[in-house]
Amino acid sequence: MTATAPAPAPARQTAPIRNSLTAGKLPNGAPWIILGSTLALGAIVFGIVALADGSAFNWIGTLVVGAVLYVPVVWVFSLLVEGRRRALDRLVTALVTGAFLLAMIPLVSVTVTVVGLGAARFDADFFTMSMRNVTGEGGGALHAVMGTLLMTGAAAVISIPIGLLTSIYLVEYGRGRLARGITFLVDVMTGIPSIVAGLFAYSLFAIFLGPGTRTGIAGAVALAVLMIPVVVRSSEEMLRLVPNELREASYALGVPKWLTIMKVVLPTSIAGITTGIMLSISRVIGETAPLLIAAGFTASMNYNVFDGRMQSIPVFVYTQYANQGNPADAYLDRAWAAALTLILIVMLLNLVARLIARIFAPKLGR
């Protein structure tokens with residue numbers, strides 16, 4: 001009897017392995033096509049509404065609706081073609097990009113508005129004249145510009161040494177309850193309203209010089225109270241970024257601790273410290289409430305921060321807008337021109353901070 005060989009087992013059908021990394025991919029221009037389609041859909045909707053109501057076409061609504069529809073639509077198309085992994089990536093990318101554009105809208109709007117309205121009085125007279133004996137057209141903001149520079153400079157002289165030395169103590173020497181208490185107080189000072197700083201400075205000078213005393217140095221003290229916690233926090237973070245190996249190498253050579261801080265720690269972190277100081281100045285240069293209380297306002301020039309009231313650009317903007325005379329357009333033009341001047345000063349300070357950070361940054365190569 002002949003034995004027969006067993007029939008071969010049928011081949012098993014294995015399910016194809018779907019790899020999200022090798023799945024299909026949308027064309028490079030697909031996101032733009034989807035965005036254009038959603039914008040077109042929004043335009044159709046608002047076009048129908050405009051024809052029905054007889055109103056103007058709503059461009060802002062079209063952009064908002066198109067952007068909102070783009071997020072789920074691009075996610076669905078990517079999910080069907082590319083898989084969950086890339087669909088999630090496109091969803092997050094769309095949300096992050098939308099948040100960035102949403103944040104840029106008020107910034108661009110404010111910049112365009114201030115430049116457009118402030119250019120009317122952005123002339124030589126505006127920077128060479130004060131408001132003394134000016135009740136209508138003409139005049140300028142020279143007294144406000146000088147007051148802002150003097151008070152901000154005095155505040156920097158007061159706050160930078162205090163803030164920098166405090167940060168050095170917290171990083172290099174501070175231990176125990178005292179250091180924790182200082183850190184807690186700095187955190188509290190960071191969140192105090194600016195008007196509280198103005199009330200503090202006014203009360204301080206009223207105790208020694210009498211009620212109603214308003215001087216430029218009082219405004220500088222109010223700004224210094226706001227600057228100190230910012231300087232402390234920014235300088236502390238920069239000092240903590242200095243590697244401990246640099247300190248230990250200096251100690252191994254017999255260099256004392258104070259000299260190590262002066263010659264090793266500070267030069268290594270000077271770029272970041274300078275940037276933080278410039279940002280703290282930019283943060284207080286536009287304060288209005290503390291200067292209105294502590295320094296007051298005046299229409300005349302005052303170069304002495306220790307004697308008499310002193311005008312500042314933010315207070316100048318407020319007084320020109322709040323106390324409009326005849327013609328009102330002249331007051332509004334001066335207010336917008338002063339606002340443009342303040343923006344340019346802050347921009348200049350930020351550019352200087354970036355330049356200093358690049359110059360004093362530690363060189364990593366030979």
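This is a predicted model: local features need pLDDT of at least 70, side-chain atom pairs count only at pLDDT 80 or more; totals for chains, interfaces and linings use all residues.
Start with the record. UniProt, in an unreviewed entry, puts the feature "transmembrane region" at residues 32-51, 57-80, 92-120, 140-170, 182-209, 215-232, 264-285 and 335-357. Take residues 32-51 from that list: the span is 100% helix and 0% strand, and its end C-alpha atoms sit 28 Å apart. Now jump to residues 335-357, which are also 100% helix and 0% strand, with 33 Å between the end C-alpha atoms.

Next, the aromatic rings. The model holds four aromatic pairs. One of them joins Phe57 and Trp59: the ring centres are 4.8 Å apart and the planes meet at 75 degrees, and since anything over 60 counts as edge-to-face, so does this pair. How exposed are the two partners, Phe57 and Trp59? Phe57 has 29% relative accessibility, so it's partly exposed, while Trp59, at 63%, is exposed.

Phe122 and Phe127 make another edge-to-face pair, with 5.0 Å from centre to centre and 85 degrees between the planes. Phe122 is partly exposed at 35% relative accessible area, and Phe127 is partly exposed too, at 30%. Both belong to one aromatic cluster that also takes in Phe126 and Phe316.

Finally, look at where charges meet rings. Which residue lies over the face of Tyr173? That's Lys257, at 4.6 Å from the ring centre. Over at Tyr331, Arg334 lies over the ring face, again with 4.6 Å to the ring centre.

Note on methods:
Residues are numbered from 1 along each chain as its sequence is written. Side-chain values use heavy atoms; hydrogens and water are left out. UniProt positions are given in the numbering used here, feature names are shortened, and annotations may be inferred rather than shown by experiment. Helices (H or I, at least four residues) and strands (E, at least two) are DSSP runs, numbered from the N terminus. Rings of Phe, Tyr and Trp (its six-membered ring) pair if their centres lie within 6.5 Å; planes under 30 degrees apart count as stacked, over 60 as edge-to-face and the rest as tilted. Buried means under 20% relative accessible area, exposed over 50%, partly exposed in between (1.4 Å probe, protein chains only). A charge sits over a ring if NZ of Lys or CZ of Arg is within 6 Å of the ring centre and within 35 degrees of the ring normal.
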